[in-house]
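Please look over the sequence and the structure shown below before reading on. The paragraphs that follow lead through them step by step.

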2 protein chains.
Amino acid sequence: MHIPGPTIAQWESRYRAAFANSLTGFKSGNLVGTSNSSGRDNLAIMTSAVHLGSHPPLIMLVIRPDVAERHTLSNILETGVYTLNHIGANAVERAHQTAARYPADISEFDAVGLTRRAIPDFLAPAVAESPLSMGLELREERKLEINGTHLVIGEVVWVELDEAIVGEDGYIDIEAATTVAVSGLDSYHRSQRHCRMEYAKPDLSPRRQDVVKGA
Amino acid sequence: MHIPGPTIAQWESRYRAAFANSLTGFKSGNLVGTSNSSGRDNLAIMTSAVHLGSHPPLIMLVIRPDVAERHTLSNILETGVYTLNHIGANAVERAHQTAARYPADISEFDAVGLTRRAIPDFLAPAVAESPLSMGLELREERKLEINGTHLVIGEVVWVELDEAIVGEDGYIDIEAATTVAVSGLDSYHRSQRHCRMEYAKPDLSPRRQDVVKGA
């Protein structure tokens, strides 16, 4: 089926949003933990985290200021720090619920039943239930004129995880960690490893790794 | 295990890259199809596609100009159009192989054994083996000073897929399409649906959808 852009533009908005959000493929799901300068917490699910670089480790978030994500954005701009927390399979329902538009004076930790974990010398809270958490410091923020979304670029300043899931080569086995993937607006997925591949070179055929180094 | 940023900065570069690339969680994998103005094709795997908006449908790519992705960037800037193509489970090895640094005069379609599909009135080629392909027109490009990566924002101007995978609500069942997810630099995953959730509201508990609308 071939669908031209003008057809998509005519669709009802929720149908179009479900469709458009499925186009990129599987997405990460992270809980973004912040506090404001008075120490009031916020927790919001985001599926827009993207790897920007390794040295230093940089991650970009796309934040829409018109939804539940707005408190996250203002807290990050106010304090300069935030956490990203993977969503394990046992926390999917609670993680999804953070997308509800709670008033600013309600902590999503309390509202959805996730556990705030304080990190020494770091203002933003982590999620105790997450198999992998990291702290970030804001490095750059800019608004895209094209549709009003904000790009928030942060540097990873600490990582917490079970060392058993880190392979000899540095790969983190997020499948073993039960981290879920997201598709569309509301679908959560477990994963099953298909293969790991060796580094691609022009003069060699593609080769699967015989031993899964990260497992 | 708590790992401070300065420790990560001291690691050997490949180890650090494998680790840092695993941090965001599961990533999309897409083959980006382009041609230059002489009609020479390029195909490159990218894991950085992120949803930017639905009306119009906007997708952002992060492109590093120092690797195999550089031909993609120059072709997009030259012609203004490109395709994104999901990677089905049966094309993982060939998709991964497009990351090898082939010379500019070699088409990755030929080199890895994927089939070029011409789209009427659209300069960039699609991948015949992909379960979902879309065409994009460049809307904005900018270089990030923080680490030299390029942000490429495009509008989706057509989508091709099997209508059987589009649900009543617009959700595309990319799991049924066999689309794979990526983690780290080289790990490919099939998915298994955990649940779909109803729209989150502050005054309601989280509710799973009883019937998977997209299946």
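Through which surface do the copies meet? Of the interface residues of chain B, 100% are also interface residues in chain A, so the copies meet through the same surface. This is a predicted model, in which local features need pLDDT of at least 70 and side-chain atom pairs count only at pLDDT 80 or more, while totals for chains, interfaces and linings use all residues. Residues are numbered from 1 along each chain as its sequence is written, chains are lettered from A and ligands numbered from 1 in the order in which they are written, and side-chain values use heavy atoms, with hydrogens and water left out.

Strand β13 (residues 187-196) of chain A pairs with strand β13 (residues 187-196) of chain B in the antiparallel sense over nine bridges; strands are DSSP runs (E, at least two residues), numbered from the N terminus, and two of them pair if DSSP finds at least two bridges between them. Within this pairing, Gln192(A) has Arg190(B) as its bridge partner in β13(B). Both strands belong to an open sheet of six, with antiparallel pairing, in the order β2(A)-β12(A)-β13(A)-β13(B)-β12(B)-β2(B). Its edge strands are β2 (27-28) of chain A and β2 (27-28) of chain B, each of which pairs on one side only.

How values were computed: Contact means heavy atoms within 4.5 Å. Helices (H or I, at least four residues) and strands (E, at least two) are DSSP runs, numbered from the N terminus.
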